[in-house]
Amino acid sequence: MKAWRDNQLFGEQTFRRWFLSSLCIILFFILFGLILYLVALDATEKTVSMAQSQSADQTRTLIDNRLLDIRKSVSALVFNEKLVTSSYIEPPFTGEDYYALHKAGEQLRGIFMFGNVSDIYVYYHSCACFISSYSLITITAPFIEDKFGMKPQEWVRFVMNRQSSEWVKLNGQVYLITPLKRDNLYSVSSWAIVEINLAELRDLLIGGDSDLHGDLGFSYIVSSDHQLIETTGDEGQIPYSYGMLDPGEHVLGNQVVHVRKIKQANWEYISVVPVHQYFKKIYDLRQLLYAYLGIGMLLAIGIVYVETRRRYSPILSLSRRLFAGGAYSGAQDAQSIEHRDIFKSLQLTIDSIVDNNRKLASMLQKDKELRLSQTFSLMIRDHSRLEDHQGFFREHFAMPFRQGLVTAVRVLDPGRKLNELPVPEQEHILLICLNNICSELLGKQYSCFFWKHMGLTGVIWSDQPINQAWLAGIGNILEQTRGVIKTYFDADVLFALSDFCDASSSLSSAYLKAQESENYAAMTGKSGIIYYDSCYTHPLPEWNRVDIIRAEQDFMSYMMEHNYERAKEKLLLIIGYYRYTDGVSIQLLQCRMFGLINLVLNAIEMKKTPKEEMFYSKINPVQRLLNASTIQQLEEEIMKIIEEMILYHEEREETTEWKLEMINQYIESHYMDQTLSVQQLAERYQLSVSYLSRLYKQHYQIGILEAIHRCRIRHAKALLRERPDLSIAQIADKVGYGNVQTLMRIFKKMEDRTPGQYRATAAKLGS
């Protein structure tokens, strides 16, 4: 303990606290790592169980999907006329019978080639034969014994009892046996027999349990009659049979067992995994973990000591110098150096010094800004002599005044951020931004100063002769300043500039010109950078003797033709004409704009229906025009109002097009309905019969009733070609005609021949 106290660093209280606290933190993290290791052992068991559950669900889904694909393919055979009608062939076979059976076998090739099956057969009880995709088997006894392990008589009894689709395992092979029966139109005299590819089924088991093979575990499928369908383990290894365990997860001894029902067959998928295998590698790491913890603790102690000593020595030296120099208070001097908190003492001392310096700098800066503001305010109020101020510019800005200008700054919109502050704070923040940003952008060739005089005011000058190009450059810099303020504070400001002044004594007259520019901007609603010359010398546009009445007629014509782009161009021309012929009288311009609103209403044929009255009340154009306080706002508002009217009209036309498209789709899907009529369509889509008929003929050049007939005749022609077993009366009923005479009359009118003649021609072309 004495050696601990005699050590230069450990004898100091702050170092001891620092060292011990750092060491405690490191030990905490080491112990925390050990706890995580123990938690990992418990979490691994849950993770293994979750992984096995996901694997079991995935494998079950793959098997179900594979069996479902096979079922769908076989179900389609029920609707194959060649397969079903061959059920009635009886021996002795004729050449025509052999040909029919051969053609029926060809129908199986699609399932055989693309159905993931080993083979597929159809058994015909009437002729006691089998057909496959490539062969006809009439001598059935050896085939039945080889394939199914039965005598022919046993096979007949077995298959006759299968009145629905069923999975069975016969002679070590799995089959799907499905009777070819459809809507009770045929008696069951034929069965489709699909032989499952067990190798692919085993691949599904192996793929789903790729991490569970060998000593780790196995999985298998068992049927409801307790037959083993397939397994990844030994053939005789079935620890849990069908129905022994409920579907889900079971922990039995040192095994985790997952049971899943196969939906497409009366089977169960069972996966078995021994848990201890997953912890083997983690247990092997225990000795390495213990060694890591021991070495880590020793290294941590050494590193903390060396690093703390290296970083703390300069602080200890500085503390002693301050203590020797009397920088600490009397209460601190009374304490022994061993019991001082050096960091706290240093922090208090440095904070005090920094705070005093900050206060002094702030006082000096405020005093300087106040003196500068007062001096500039005197300059723009009085006509002083040049020599009175040159020393002032050199002393405070290191740049004498040779030429410059005055700008009045007006806040158009303080924005959401500044609006929450009082007005003096808003102005203070903007003055800081203006002085700093403009000084940075102007560079060393120019200088500037902004202050509060009535409103925000600024002076920009140079010690070099300047020209008109210089003014454009200043305008660009002020525009960049506006952008920065807009970006960071969401505030919008306006700069109203004076013209050049050649001496600081002329700043008062320049200030008056800047105010004139600001007043002009307020009257016209302009924003951005306002140049003094633009207030009075902006040239009037050359109208080239444009006749305003002709312009309004062109505007009406373009609106009625729905040529909205050209209409907007004419609108801008008309507004410009009004503005420059009526001067800056906003009241007169408002009256002109009301006339434009009436032109738009007439052009887009807006009727006074309740829906359009509601739209007109919603946009409220009259009140919006009256609320405009400047000419620019008035121009922007009239453009917005007219664009809203155009958009409403376009949306109304788009709705009509959509209804016509939906009517065509409805006809296509309901042509077989004998009650389908124009009246029914009009009521469904809330249109009058006359308006619907006129609108449909306008868009498609045919009547809507003719469109219904064309759709029905098109489907009738398809049935005549593809369904020779249907009579013409049946076809008439299927396409929506109540009697065959109506079909005959309309078919003859549209195709210039009878349905029977069309069927005969189509049959000749098909053969």
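**Close-up views of a predicted model**

View 1. Strands pair here if DSSP finds at least two bridges between them; helices (H or I, at least four residues) and strands (E, at least two) are DSSP runs, numbered from the N terminus. This is a predicted model: local features need pLDDT of at least 70 and side-chain atom pairs 80 or more, while totals for chains, interfaces and linings use all residues. Residues are numbered from 1 along each chain as its sequence is written, and side-chain values use heavy atoms, leaving out hydrogens and water.

**View 2. Strands β12 (residues 403–413) and β15 (residues 492–497) pair in the antiparallel sense over six bridges.** Look for Val411, whose bridge partner in β15 is Val493.

**View 3. Helix α4 (residues 95–106) has a buried side.** Asp97, Leu101, Ala104 and Gly105 are buried, that is, under 20% relative accessible area, with exposed meaning over 50% and partly exposed in between (1.4 Å probe, protein chains only). They cover an arc of only 100° around the axis, so they share the same side of α4; the arc is that of the directions from the helix axis to the C-beta atoms. Exposed Gly95, Glu96 and Tyr99 sit on the face turned away.

**View 4. Tyr124, Trp167 and Trp267 touch the most other members of the largest nonpolar core, which has 37 residues.** Such a core is a set of buried Ala, Val, Leu, Ile, Met, Phe, Trp, Tyr and Cys residues joined through side-chain atoms within 4.5 Å. Its largest share, five residues, comes from α2.
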